[in-house]
Amino acid sequence: MRGILLCLCMLLLSVGVMAQSGPKREMRSTWLTTVWGLDWPSSKIPSTGDAYYISQQKNQLINLLNKLQEANINTVFFQVRSECDAMYESSYEPWSSHLVATRGLDPGYDPLEFAIEEAHKRGMELHAWLNPYRFESSVGKYDGAAGDYRQTNPEWVLEYPDKSDGSKNVSILDPGNPGVRTLIVNIVKEIIQNYDVDGITFDDYFYAYGGTPGSLDSYSQGLYKPSGMDLHDWRRDNVNKMVADVYQVIQNNEPWVTFGLSPFGIWTTDSNVAASEGIELPQGITGMNAYQDIYCDPVAWLKEGTVDYISPQIYWPTTSAGQDYDVLSPWWSDVCNRFHRHLYVSHSLSGLEASSYSAALKSEKKEDLALELNGMSLLEYLSFYGGSKLKLAPTEYGKQIQVNRDADKNGAPGSVFFRTQNFFVQGFVNYLKSYEYQNMSIAPAINWKQAEDRALVTNIRLEGNDLLWDSQEDNVRFVVYAIPNEDVANAGNTFKAECIVGISYGKSFDLSARSELISTHKFAVAVLDRYGNEFPTVLMGHSPSQNVAADLTFPANGQDVFLPFSFAWDAVSNAEGYQVEVASDVSFNNIIYKRDVETNSFEATNVSMTIGQTYYWRVTSRMLGVTDLVSATFSFTLVDEPKCVVISPANNATGISQTPTIEWNGLGLGYVYEVQIALNSDFSTIHYQAESITATQADVPVNKLTASTHYYLRVRGISGRIVSAWSDLVSFTTVDAIPDVPVILTPSEGAVVGSGQVVVEMAEEPRAKSFTMWLSKSSTFPWTDRKVLTIPAFTYEGVYSDLELTSYYVKVRANYGSSSYTAWSATRSFDVVATAIDDVENKLLHVDCPTILRRNAETISYFIPESGKIRLVVYDLMGKELAVLVNDYRSAGKYTAMLQAGALKKGIYLLMLECDTQRKTIKVIKQ
């Protein structure tokens with residue numbers, strides 16, 4: 001048994017280590033903030049081409065990227081437009097005053113181009129971060145300067161008082177003006193056409209935090225708001241149109257460029273708004289209503305499919321009462337999964353404390369965020385004001401990362417940390433590398449978009465410390481793996497995150513920093529397209545096997561199915577893994593779910609599907625060094641989960657027999673059924689259970705139900721992998737019945753029995769709810785000399801141990817109803833004498849129990865040769881502890897215990913008796 005438990009512990013330990021090392025697919029990013037030089041640059045260029053300051057800016061950026069790479073970060077969100085300005089060469093807006101000394105001055109180099117080049121050298125994605133609407137954090141800041149929209153397009157600019165500083169105003173571009181929307185779209189188009197960015201992302205600066213006065217945008221209202229349209233709906237629609245137009249221009253030009261937004265962490269607090277979308281709000285969450293206050297509606301973007309991901313700013317800890325991270329992150333994950341999009345949560349590091357990376361968590365309750373954001377987005381605001389309210393150790397962020405992973409249903413968890421400089425607070429990177437980001441991870445694939453197949457790499461070779469390969473593919477990346485020599489023959493290794501050594505945007509990889517791997521590992525390379533789809537891996541010097549298409553097994557073609565179920569197919573020998581695809585059309589133009597998996601089954605509960613709709617599914621089998629093969633396409637229709645309907649007994653029926661016949665409506669051919677009867681509606685105490693019933697009725701046998709008792713009944717059907725829901729509960733009460741006065745069978749009158757243990761056996765009486773047995777040295781059974789046993793129904797013996805060597809009297813009565821009893825049985829007397837049973841041969845642990853458990857309660861007798869701590873435990877064959885019968889100190893001697901076998905399902909169990917120096921285990925079977 002210790003061997004079983006040790007194996008289980010090792011298994012759990014290995015699972016825990018794997019979970020800590022991190023998944024193969026995960027967004028790991030930071031917000032690299034350029035406004036006010038928060039993260040970069042720390043100095044401005046005073047004149048065009050100033051070599052000293054250009055070098056200083058480049059070296060600072062390289063240093064940041066190096067440290068992010070060391071932390072196994074795979075993406076950076078680089079701010080390129082913060083106040084209608086540019087960190088790149090723009091045809092529309094001036095060079096940023098956060099980059100150069102004078103707004104509009106040509107710096108002499110292109111920071112975005114440089115950042116992309118350096119990020120890609122390190123295998124990291126770079127997403128260009130734009131603030132779509134903010135013009136000035138203080139009105140007049142750019143009067144007369146380059147890009148002054150107040151001069152060129154005054155109708156675009158909205159000014160409103162800064163609530164945190166009444167002496168100034170802030171300004172934004174009017175989201176209701178179509179010209180503003182066109183400007184934003186054109187800016188995005190220029191970036192994706194001129195720069196090799198991997199993504200475009202917007203922060204949360206839409207309409208003003210703190211509320212937008214009704215007349216502020218009266219100019220655009222008069223021209224563009226439809227008559228009769230609610231003002232709030234119109235403002236939300238303005239933002240939604242901008243988001244949709246940006247998404248469309250990306251799809252029309254560079255569809256592999258991902259697009260996401262970072263909204264406030266709470267969508268809405270209005271349950272009516274949520275109900276209109278068929279969404280239930282997270283329980284216990286309070287805070288700002290961003291849907292109403294800043295006209296931010298991320299659910300609309302997800303529903304319309306105009307984003308690839310959202311990154312809500314969930315800036316509260318797992319200890320927060322009104323904004324619990326443990327509630328918000330899973331809620332957002334479910335919403336994103338419903339609309340087949342990804343969730344990458346934004347975390348604020350403003351309160352991160354320096355540590356040795358093993359400090360205990362300590363946090364304070366976070367107050368509601370103030371709304372006077374001083375012309376900032378929420379991201380920026382917290383970098384200034386958030387830290388004083390909340391102090392968190394690195395372990396809190398470890399908890400949040402794990403919540404994201406546990407809640408993820410797409411194989412695409414993610415975290416984006418604000419901001420980059422805070423990421424390097426002492427101890428945080430060491431903590432992440434030790435516990436959460438031990439291995440590299442690839443950013444999740446935007447795999448619902450149509451992407452072309454890619455040819456495998458060829459001619460992988462080593463030239464010194466350089467790994468090189470040939471590929472006919474352009475505009476792709478490559479994943480480089482290093483597989484230990486001893487594992488090369490084992491299928492599935494190239495699916496492991498721990499084997500990744502890097503990602504290359506070219507056809508070579510520098511192994512100088514990992515040269516020790518050259519003699520101990522084999523290298524492999526896989527194409528990774530710009531959508532993030534990975535193609536088959538090629539192992540250097542490996543001769544591939546013949547790939548085989550998987551045979552789909554469930555759901556069968558054309559089958560009606562209901563949740564929960566699992567997709568299943570026959571395993572393919574030597575497969576590295578599989579890819580499951582589900583689509584709403586047979587041509588797979590509208591893919592609703594795609595997932596890489598390692599085994600030949602996958603739970604359909606991860607896939608968001610609609611009842612009554614027909615879907616199509618297929619599986620791609622992946623093998624080392626050969627082209628993928630796709631299975632046949634099967635269709636299935638998702639239907640409502642069927643339920644059996646109990647016919648008899650009727651709900652709330654009374655006077656039901658103790659051995660009733662249970663009847664129900666069946667679910668059709670191929671189903672077998674399971675019946676459960678319990679004393680409580682949660683079925684925590686089951687009194688009768690029958691499985692694999694082929695008919696639609698079952699006879700409850702004797703010695704299962706007591707008279708005058710209220711029970712609950714349920715039935716479900718099982719057909720292969722399909723398990724129906726339980727039927728609606730039916731309750732019933734058994735017939736009132738008075739049991740006969742009990743009859744004691746043994747010991748016989750005047751019998752002589754051995755000391756240590758005496759078993760008093762009664763005749764069976766199934767109408768009794770329980771029995772009360774008294775034992776005394778006096779025939780009058782005084783309360784000062786009385787051993788009382790309460791014996792459950794259908795158990796017809798009581799066991800007494802440690803009796804003195806003298807005469808005893810015993811009697812019993814049956815209990816029925818709520819507090820009713822029969823008369824006492826006739827009293828039996830017997831004598832206890834010393835026998836050889838007191839000295840078990842060889843002084844070894846000894847345990848006696850029926851090999852076949854047939855009664856609801858079985859008596860176990862056991863002998864202890866020495867005093868000490870005793871444990872008597874029931875295990876299943878997997879080593880799981882099911883019941884502890886004894887866990888106490890005992891003197892040497894013989895004892896008894898009761899095993900409630902009625903609570904066990906049919907099967908084989910292990911009964912273990914253990915003391916300080918010995919262990920005895922026997923096998924028992926429950927029928």
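Colleague: Which residues does Asn72 touch, not counting residues up to four places away in sequence?

Modeller: Keep in mind that this is a predicted model. Asn72 touches Arg28, Lys433, Tyr437, Gln438, Asn439 and Met440. To read a list like that, look at the residue numbers. Here they include Arg28 and Met440.

Colleague: Where is Asn72 found?

Modeller: Asn72 is in a loop. The loop runs between helix 2 (51-70) and strand 2 (75-81).

Colleague: Is Asn72 buried or exposed?

Modeller: Check the relative accessible area. Buried means under 20%. Asn72 has 11%, so Asn72 is buried.

Colleague: Now the nonpolar core. Which residues touch the most other members of the largest one?

Modeller: Val197, Ile200 and Phe423 do. That core has 127 residues. Helix 5, residues 178-194, gives the most to this core, with eight residues.

Colleague: What does Ile200 touch, leaving out residues up to four places away in sequence?

Modeller: Among its contacts are Val188, Ile191 and Ile192. Further along the chain numbering, Ile200 also touches Ile250, Val257, Phe259 and Tyr309, among others.

Colleague: How many residues are in the second, separate core?

Modeller: The second core has 51 residues. Val607, Trp617, Tyr673 and Val715 are among them.

Colleague: On to charges. How many salt bridges does the count come to?

Modeller: The count is 41 salt bridges. For each pair, read the distance between the closest N and O atoms. Arg122 and Glu118 form one, at 2.8 Å. Both of these residues are buried.

Colleague: What about Glu674 and Arg716: which strands hold them?

Modeller: Glu674 lies in strand 32 (residues 672-678), and Arg716 in strand 35 (residues 710-719). The pair therefore ties together parts 42 residues apart in sequence. Their closest N and O atoms are 3.0 Å apart. Now compare the two partners. Glu674 is buried, at 3% relative accessibility, whereas Arg716 is partly exposed, at 22%.

Colleague: Which residues do salt bridges with shared partners join into one network?

Modeller: Glu136, Asp143, Asp148, Arg150 and Glu159. To trace a network, follow the shared partners.

Colleague: Next, the surface. Which residues form a nonpolar patch there?

Modeller: Tyr219, Leu223 and Tyr224 do. Together they have about 310 Å² of accessible area. Tyr219 is in helix 6 (residues 218-224). Tyr219 is partly exposed, with a relative accessible area of 47%.

Colleague: One more residue. Where is Tyr712 found?

Modeller: Tyr712 is in strand 35. At 23% relative accessibility, Tyr712 counts as partly exposed. Its contacts beyond four places in sequence include Gln676, Ile677, Ala678, Leu679 and Val730.

Colleague: How far apart are Tyr712 and Ala208 in sequence and in space?

Modeller: Keep the two kinds of distance separate. In sequence, Tyr712 and Ala208 are 504 residues apart. In space, they are 57 Å apart, C-alpha to C-alpha.

Key: Residues are numbered from 1 along each chain as its sequence is written. This is a predicted model: local features need pLDDT of at least 70, side-chain atom pairs count only at pLDDT 80 or more; totals for chains, interfaces and linings use all residues. Side-chain values use heavy atoms; hydrogens and water are left out. A nonpolar core is a set of buried Ala, Val, Leu, Ile, Met, Phe, Trp, Tyr and Cys residues joined through side-chain atoms within 4.5 Å. Buried means under 20% relative accessible area, exposed over 50%, partly exposed in between (1.4 Å probe, protein chains only). Helices (H or I, at least four residues) and strands (E, at least two) are DSSP runs, numbered from the N terminus. Contact means heavy atoms within 4.5 Å. A salt bridge is a side-chain nitrogen of Lys or Arg within 4 Å of a carboxyl oxygen of Asp or Glu. Patches are made of residues with over 30% relative accessible area and no salt bridge: like charges are joined within 9 Å, nonpolar side chains (Val, Leu, Ile, Met, Phe, Trp, Tyr) within 5 Å. Accessible areas come from the Shrake-Rupley method with a 1.4 Å probe; for residues, only the protein chains shown count as cover.
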